[in-house]
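Subject: Structure handover

Hi,

Please load it before reading on.

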Amino acid sequence: LFPYTTLFRSLLESNGYTLQGGVYEKAGKKLQADLYVRQDDPQRVKFAELAKDQLARCGIDITVQESDYATVLVPLLAYPNNFDIYLGGWGDRTDPEDSDLFGCKHVTTRANPYDNNFTGYCDPKLDALQTAAAQELDRSRRKALLAQIQLYLHDNGPYYFLWTDLGHRGYSANVATNGTLGTIDYTSFYDYWNMDSWIVKP
């Protein structure tokens, strides 16, 4: 067994879990769960299977549920959020402001079933940090607050962050601006901010 596996098992056993048929249990409840993942994303499916194998060594039984996003996962992630574990991702997060994912006012409810905070995570300290960042106009101070938020989420949040996919954009050499809103800044994540002024050169 890998060193982390031995450590994990010892932590479970020191907290009253016993191994029954290869799976730890306590008070008659087994450590088992369904892990939902998009069936059309091979990278996520592969990771889910790898996670299942590693957790099995720790005495945890995971069943990977490869599911259709629109018909299974979207309803599953809506209120009342009846799922164990979900392996998913977010796109277009070019700005690290993510209060819609972790803010208390975005927790899904019966009245607002499809909001983004489907984990139900609500932490007043994080809310205060995110409010401060949203109200900060100085870029350097805002950057420091957002970094503090990311560290706080790493230590306290409801997600395990796994990887970030690379994103690419390509432009024709004929794309330019008409000059009213400045040039295109290809070095910026927000190179499209002045898209209203873009033209295709004849």
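Below are notes on the backbone and the cysteines.

Note that this is a predicted model.

Cis peptide. The bond joining Tyr-79 and Pro-80 is cis. Its omega is about 10 degrees. Pro-80 sits in the loop between α3 (69–77) and β6 (85–87).

Positive phi. Asn-81 lies in that loop too, between α3 and β6. Its phi is near 55 degrees, a positive value in a residue other than glycine. Asn-81 is buried: its relative accessibility is 17%, and the cut-off for buried is under 20%.

Ala-27 also has a positive phi, near 55 degrees, and it is not a glycine. Look for Ala-27 in the loop between β2 (23–26) and β3 (29–30). Ala-27 is exposed, at 85% relative accessible area.

Cysteines. How many disulfides are there? The count is one. Cys-104 and Cys-122 form it, with their sulfur atoms 2.0 Å apart. That distance qualifies because the cut-off for a sulfur pair is within 2.5 Å. The pair links distant parts of the chain, 18 residues apart. Cys-104 and Cys-122 are both in the loop between α4 (99–102) and α5 (124–135).

Is the disulfide right-handed or left-handed? The torsion about the S-S bond of Cys-104 and Cys-122 is about 100 degrees, so the disulfide is right-handed. Cys-122 is partly exposed, with a relative accessible area of 45%.

One further cysteine to note is Cys-58. Cys-58 is buried, with a relative accessible area of 3%.

Best wishes

Note on methods. Residues are numbered from 1 along each chain as its sequence is written. This is a predicted model: local features need pLDDT of at least 70, side-chain atom pairs count only at pLDDT 80 or more; totals for chains, interfaces and linings use all residues. Side-chain values use heavy atoms; hydrogens and water are left out. Helices (H or I, at least four residues) and strands (E, at least two) are DSSP runs, numbered from the N terminus. Buried means under 20% relative accessible area, exposed over 50%, partly exposed in between (1.4 Å probe, protein chains only).
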